[in-house]
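Hello,

Here is the structure for you to look through. My notes on what was found follow below it.

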Amino acid sequence: MPRRQWRRTYRQLRSPLAWRIRMLFWGGAVSIGVIATMLAIASDQAGIFVRHVNQTAPWAMLFLSPAGLLAIVWLTRRFFPAAEGSGIPQAIAMLDIPNPARRKAVLGLGVGLFKAVMIVLGLACGASIGREGPTVHVAAAISYSLSRFGRFPGYVSQRGLILAGSAAGLSAAFNTPLAGIVFAIEEMSRSFEARTTGVVFMGVIVAGMTALVLQGNYAYFGSVSAHIETLDAVKVIVLCGIAGGVLGGAFSAMLVYGGRRLGSLRRRRPYLFALVCGLLIAALGLASGGLTYGTGYEQARQALAGTSETGPLYPFLKLAATVVSYLSGIPGGIFAPSLSAGATLGAELARWLPSTPASAVALLGMGGYFAGVVQSPVTTVVIIMEMTDEQSMLLPLMATALLAQWASKHICPVPIYHALATDFLDKERGRN
Amino acid sequence: MPVRANLIRLTLLGAVTGLTAGVTVLGFRWLIESSQLLFLPDGRLGNYEGLPDWAIVALPVCGGLALGLVFERLPPSLQSVGIVHVIQQLRHTGRPNLPLGNAVVQFLAGAFAIVCGHSVDREGPGVHIGAATGTQVGVKSEDADTFTLTAGGAAAAIAAAFNTPLAGVIFVIEVLGVRYRVDRFIPIMTASIVGAVISRAAYGATPSFSLARELSMASLYELFFLVVLGVVTGLIAVAFITLTEQANRMTQAWRPTPAFMLAGLVTGLIGLVYPQILGISYDTLNDILNDHLTQNVLAGLVVGKLIATAVSIGLRLPGGLIGPSLVMGGALGGVLGVAVQQVSMPTGSESFYATIGMVAMMSAVLRAPLAALFALLEMTGEPNIILPGMTVVVSADLIARQILGRDSVFEHLRLLGTPPLAEATSKTMDKEQDHAS
């Protein structure tokens, strides 16, 4: 073994500067884990609040949603305009913009923390949004801001820090460590960079362990036991892949092209627009009996357990509510609502296939729809495997995801987060 | 549109690649297993433990002699086999060229070496054979498409070996160095899925070895043990790579016959003490993962397997080193797992440590942390093993990287080159330099 390497190792282990940087990075990752956990708890509370309001006075949502959305949009535009939307497009956009001033404007600590508060408010107003995009935004902001407190060695670029933060945020949000890493590689950077994977791994481990300490071991959707016969599988794969891919692609297209079409209207009348969106959200909620509010976690879990009671319209209502919530301009992600819409879509498809276990079809429906939305097959498979603690469905799930991604491409040619990232950059340019 | 039509065509060809690669790799496995059944006692696969002492030494030595005599009569270009060969062909620009002849040599010689008890695996040959079938399927396609199908064949081989379709895909990225692009990977993933389906149809959900249930951390203090396991794994991986490299370097000028015979002799002599190391040792790995072995045997297995495999691979036997690294890592994890049980606090089971050690060693030797973690997720189906697994895999990888740099063991072997291949290698290098300049 070369002596040189030992000496280098020895030096790195003794250098106080190296330890300071290491501690700084680990500290950042720990705080990502803490914030992700706090966000998870706060979102649950917001969900309980909405359910309570919906049970006692369903019509109150007609007031609460518009008023709440109005307030959130006003606050966002007034203080941190970069905080609107999912957060993942922002992080992607900032990967390729080495301009420090703009990076700071989008990935400042203030933006991140503000967004974390706003997402909880949004959930409390019944918007159909998820917390993972905002968690990614906060996490990327924390991780990026670290570079202002210490000089990182050359191989840890700011780009690497943004990627590491995003991966850590997603991992800690759902207790899905591997999905965080794959997401950073497949969806965000769209390439495999050996240089940055070390930092990404480290961030995910520390943030994930922190969340584990705070929350304990769990699988997001609990243990799902789904089994499928080989002959059935082909039928279900094709059905879920095509239906999920088409609907997921339609969702992406509505979000991207709808956003572009309505862009000028929203710029001229942002508050009126938010009011109308709020009313629509409340109307959709009333039409579905209060099911479309919030992340949709409960509906997805029931669908995966094979006991879905949402009715055949729910997936479409959920899809519409998510599109409206996103277009309104409030901070909020699309992961969890998409998983919910997909799982219930599968559960409804299962009614047409009486011989196949409903939970298996729900799982594949979730995979198909989600792959259709994000168009990243590997991320889809890994995130669902880590969320459901289920191994035997791997092969059908992969096939469904591939098929859905292919189908979705015909409807929405550019992957949603990249299209949104481009739009975000355009908007930024317009604002400056 | 033509682009989309091409994608559909390529995806179908990917499925065909997965089918042919899967069937060929299963044929390779069947050849090994049916030959083993002919002479091994009790009709148990991999039961080299039951052979008498003289046979344990004589079998690999005579096998090496026969293999060497055949290899000396082969033209040099046909002697290039294994994952190194695949990497060589995928790295240079232009059309990947995996000749059918080399694949046939790999098929027969690989099976012969394993049956004779040499400490190598069937996955390395499998990757070569799978990739070669991919090239054959894409023989009429454009260069870029042939490249994709070749990679797909390699992915299908890994997927078929362990029933891990995702890990197969990631293996192609991390170890073979294929750039990730979503459209290119649709055919590769299809091939991988089909490969796994075929293997599952033939051998069930656990084609090579089965894991224990209930694999999870019992308390967070175990993080300390996990880091220790990672560091030791990293150091052992470094020792393994260095020894392999040294063995290769010292015997550059040797002819195949003495080289193969020496490798057989080393394996046989170690086999006198630890007969489990002969052959693929997946039966032993099965015992390790379900904690049926004592600490002393486990420790002996780590050292024995390390030396035997490093010498075998260093002396250019036509086999692979993925399986041996799994066995070494599993045994090492088992040693620590048994030791941890003495500590007076709730800890994970021995199988938990063995399982993680197994993939961590593979990760450190192949320098493929993501593929290792995907394999872990796919084989256990237990999401809560990922974080502890990641801790071990990353610390092992950091140690190996700190000492040896970023290159995998294949890269080290490829750069050393082997004299009979000088021609092929230099051509590759030239092209690479052209590409770089």
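**Where the two chains meet**

In the contact between the chains, 30 residues come from chain B and 33 residues from chain A. Please keep in mind that this is a predicted model. Four helices of chain B each put at least two residues into the side that touches chain A: helix 7 (165-174), helix 8 (182-203), helix 15 (369-380) and helix 16 (386-404). Helix 16 of chain B gives the most, with seven residues. Sorted by class, this side of chain B has 20 nonpolar, seven polar and three charged residues.

**Chain B as a whole**

Chain B has 18 helices and zero strands. The C-alpha trace of chain B spans about 65 × 50 × 45 Å along its principal axes. Of the 437 residues of chain B, 62% count as buried. Take the contacts in chain B between residues at least 6 apart in sequence: 82% of them join residues at least 24 apart.

**Domains of chain B**

**Helix 10 of chain B**

Helix 10 of chain B covers residues 256-273, which is 18 residues. From first C-alpha to last, helix 10 of chain B reaches 27 Å, close to the 26 Å expected at 1.5 Å a residue. Its buried residues include B:Pro256, B:Phe260, B:Met261, B:Val266 and B:Ile270. Glycines are on that list too, among them B:Gly264, B:Gly268 and B:Gly271. The buried residues of helix 10 of chain B pack against helix 2 and helix 12 (295-314) of chain B.

**Two loop residues in chain B**

Most residues other than glycine have a negative phi. B:Ser281 is not a glycine, yet it has a positive phi of about 65 degrees. B:Ser281 is found in the loop between helix 10 and helix 11 (282-289) of chain B. Is B:Ser281 buried or exposed? The cut-off for buried is 20 or more other C-beta atoms within 10 Å. B:Ser281 has 30 C-beta neighbours inside 10 Å, so it counts as buried.

B:Arg367 also is not a glycine and has a positive phi, of about 55 degrees. B:Arg367 has its place in the loop between helix 14 (350-366) and helix 15 of chain B. With 25 other C-beta atoms within 10 Å, B:Arg367 is buried.

**Chain A**

Chain A is assigned domain 1 (17-215) and domain 2 (230-431). The C-alpha centres of these two domains of chain A lie 20 Å apart. In their contact, 50 residues of domain 1 of chain A meet 47 residues of domain 2 of chain A. On the domain 1 side, the elements that give two or more residues are helix 2, helix 3, helix 4 (88-95), helix 6, helix 7 (132-149) and helix 9 (177-188) of chain A. The largest share, twelve residues, comes from helix 3 of chain A. That side of domain 1 of chain A divides into 27 nonpolar, 16 polar and seven charged residues.

Helix 3 of chain A runs over residues 61-79. Its 19 residues should span 27 Å at 1.5 Å a residue, and its end C-alpha atoms are 26 Å apart, which agrees. Among the buried residues of helix 3 of chain A are A:Met61, A:Leu64, A:Pro66, A:Leu69, A:Ile72 and A:Val73. The cover over the buried residues of this helix includes helix 2 (16-56), helix 6 (109-124) and helix 13 (270-287) of chain A.

Best wishes

Terms used. Residues are numbered from 1 along each chain as its sequence is written. Chains are lettered from A and ligands numbered from 1 in the order in which they are written. This is a predicted model: local features need pLDDT of at least 70, side-chain atom pairs count only at pLDDT 80 or more; totals for chains, interfaces and linings use all residues. Two residues are in contact if their C-beta atoms, placed from the backbone, lie within 7 Å. Ala, Val, Leu, Ile, Met, Phe, Trp, Tyr, Cys and Pro count as nonpolar, Asp, Glu, Lys and Arg as charged, and the others, Gly among them, as polar. The expected span of a helix is 1.5 Å times one less than its number of residues. A residue is buried if 20 or more other C-beta atoms lie within 10 Å of its own, exposed if 12 or fewer, and partly exposed in between; C-beta atoms are placed from the backbone. Domain bounds come from an automatic or database domain assignment.
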